[in-house]
Amino acid sequence: VQILLELPGASLEESSCGVVESSLRGQRASIRQGKISVDFATAVNRRRRQRASTGIKPKDAWMENIIALEADVVVVGGGGAGMFAAIYAARHRARVILIDKNLVGRGGATIMAQMTCAAALAEMEPDSPELHFEDTLEAGRGLCNGSLAALLCEGSPQRIRELANWRVNWARQENGKIHQVKAPGHTRKRCVYVDFLSTGVAICAALRRQTSKDSMIRVLNNLCLTDLVVRDGEAVGAVGFDIATSDAVTIKANAVILCSGGMMKMFRRTTAPNNNTGDGVGMALRAGARVIDMEFVQFYPNGHLAPRMVGLDPTTWEPTRVKLGGRLLNGQGDEFLSRYGDYGDGEYNTARDLLTHAIYSEVAAGRGSTHGGVYLSFQHLPSDALTAALGPVITIFQRNNIDLTKMPVEVFPIAHYQMGGIQVNTQMETRVRGLYAAGEIVGGANGANRLSGNALPEAIVFGGLAGEAAAKSAVGRPPPRWDGGTGATELDLIRRVKAPAKTEGPSPARVLAELRELMWTKVGAFRTDNDLVQARNRIFEMRNSDLDQLSIPPLAVHNASLVEWFELRNGLHAAEAVVVSALNRRESRGAHQRLDFPQTHEAYQVNQHIELIKGEMVSDLQGDGP
Amino acid sequence: VSGTVYQAASMRSARLRIWRGTGPENGHYDEFDLEFEDGESVLDGLVRLRHGAAPDLAFQFSCLNANVCKECAMRIDGAVEYACVAKLKTGVTQIDPISYQRVMRDLVIDPRKRHTTPS
């Protein structure tokens, strides 16, 4: 029984559970199934109750329940980029479906952003988007896509003011203007923030309010998309499943915007949220899009290492350093940055790639801290300076038995951001017609190294641009036809993975853990040919062999193993793209450091593109390089 | 380096008593022994169980220990708390869903009706 739901134009509140219920919220939807009309909500509730009482899905029940949805634009991922994309698409008259694997406005990386968002507002000192652009290019080590970087720098101030109108309470100066700080790599006081360490939380709260009150946006939570559907070279929607019930879902749409974030969850030590598993890169590659510069993974230098700290993101020391400086000391208690050419001027102003290199090198030389990092000390500062800068965050430190006036903490680089990603034009469109991307998942704007504070603009500026462009191309066209078996292969995979396991293989979670360890140890901040080849071979094996032999418990309701199987599939594609790119770039540049090729070569000042051809990752930078 | 220099934290042992099931009349407790390092969260422990002894355990989170996504609320020793900030302790810790009436499976509740948040 295929159930077709009309997309009502009526107001839908933000719903927060499975697809079906949220798409029906209090309404009777008509089901077109021959001429029979059923109270659909009742049917779904009954099905859910039945499911819940057994926890086990009838063996052949999958085909009974395909939830079929339609929209002009479907936005995949409910972080900053996705919510902005939805808002702008709706503003341009598109009927939008906004999806998240977790909860829209809660999952994703935006909500975890603690502080800096770069915007040339010139509220503290003279500044301009042109100067921001110059700093961005300088940080990008020659590989930025100038058009995308320019869009980012030009668009950011407007978005910051728009967010202020939506009640984001940017930190202010006494004169009422927005307060801006100078983050590492910037030549001006340019970064705005919300106290205390609440920038991402405030942005997400504002965007949740905007998306939930917009009658053109339907929010679907706990929905795992598994594949894009492409027909005649054009994106016509996507398929996936409702995590709450494991029911298959199809969404027909004239445009799809991928805003599903990076793939940093594929590294053991990471600042990323649980759902940043490379889904967008995997889906885009399989759909025929190209990715660019995947070798550039930003390792955040001041990542928290010890003691164990919970209730606070491990990125917390960077904003703290922007405010307070702080002294970085090796295991012998010596300041060491001058050894790496950074003499400092009392401020924290070291570029991220240089700082990561310095910390790794100090630890490798046997001068690390107890847990294998370096010490970060604020002990030279008076306690009232700490209280003024950190406010209630001090309490969180106390709950973790950390007293900054008495002790240093230990830090070590941690996987943080994917500079590379899906290749798009200035409309945020990929080379697959109708397929757009925005946010961290887009490659090019940041080149080989991202400037601190450029991630949030990349989300909110590109998100809005993608939403507008997608709506303009999608609205007014008839919905795409899915006849002739369109989407059948993709749906069939969901059915096969859901079917009771025939093997006693390991769980997807366990293989994911192995992949994350592999990426951390072999594809980290310092790479060699030998390590990369080992990683590539194992990833290839996982993708072509292990993936088929994993055991998934036969549970329909919130079966995390099912989600993880698809995350692993995407993560392996994304990880392989990183490894292949890293192997081909036989030089060191920005965030990509090769111990066997430590120099930067002018001949390599080119972008690297990868596409998936018959299941193989094919790069345009192969052989002996350029 | 002056002040406290950390020693590698010692490992301790916890017993997690976790409610499993799909409805008010359809549930039981499973017990798991777990080694942990001082300072680790209940969420750290649950994630570890999923990788080993309980691959089918259902619970939800996104941000992992940053306490911003607010998805990991559950009942820990009777009190509603976020698993990402509650610390593991030696001895028995009982973990229940926020509400049996709204439970979908194990520790996952239907968030449409989620109104209880930790204080």
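**View 1. The area buried between chain A and chain B.** Chain A and chain B bury about 3700 Å² between them. Carbon and sulfur atoms account for 53% of this area. Buried area is the accessible area (1.4 Å probe) that two parts lose on being put together, summed over both. In chain A, the residues that lose the most area to chain B are A:R308, A:V310 and A:H558, together 16% of what that side buries. This is a predicted model: local features need pLDDT of at least 70, side-chain atom pairs count only at pLDDT 80 or more, and totals for chains, interfaces and linings use all residues. Residues are numbered from 1 along each chain as its sequence is written, chains are lettered from A, and side-chain values use heavy atoms, without hydrogens and water.

**View 2. Residues in contact across the interface.** On chain A, 53 residues are in contact (heavy atoms within 4.5 Å) with 44 residues of chain B.

**View 3. A salt bridge between the chains.** The rule finds two salt bridges across the interface of chain A and chain B. A salt bridge is a side-chain nitrogen of Lys or Arg within 4 Å of a carboxyl oxygen of Asp or Glu. One of them joins A:R308 and B:D44. Their closest N and O atoms are 2.7 Å apart.

**View 4. An open sheet in chain A.** Four strands (DSSP E runs of at least two residues) line up as β17-β10-β21-β22 in chain A. Their pairing (at least two DSSP bridges between two strands) is antiparallel. The edge strands, β17 (421-422) and β22 (616-619) of chain A, each pair on one side only. Strands β10 and β21 of chain A pair over two bridges. Here A:V291 stands opposite A:I610.
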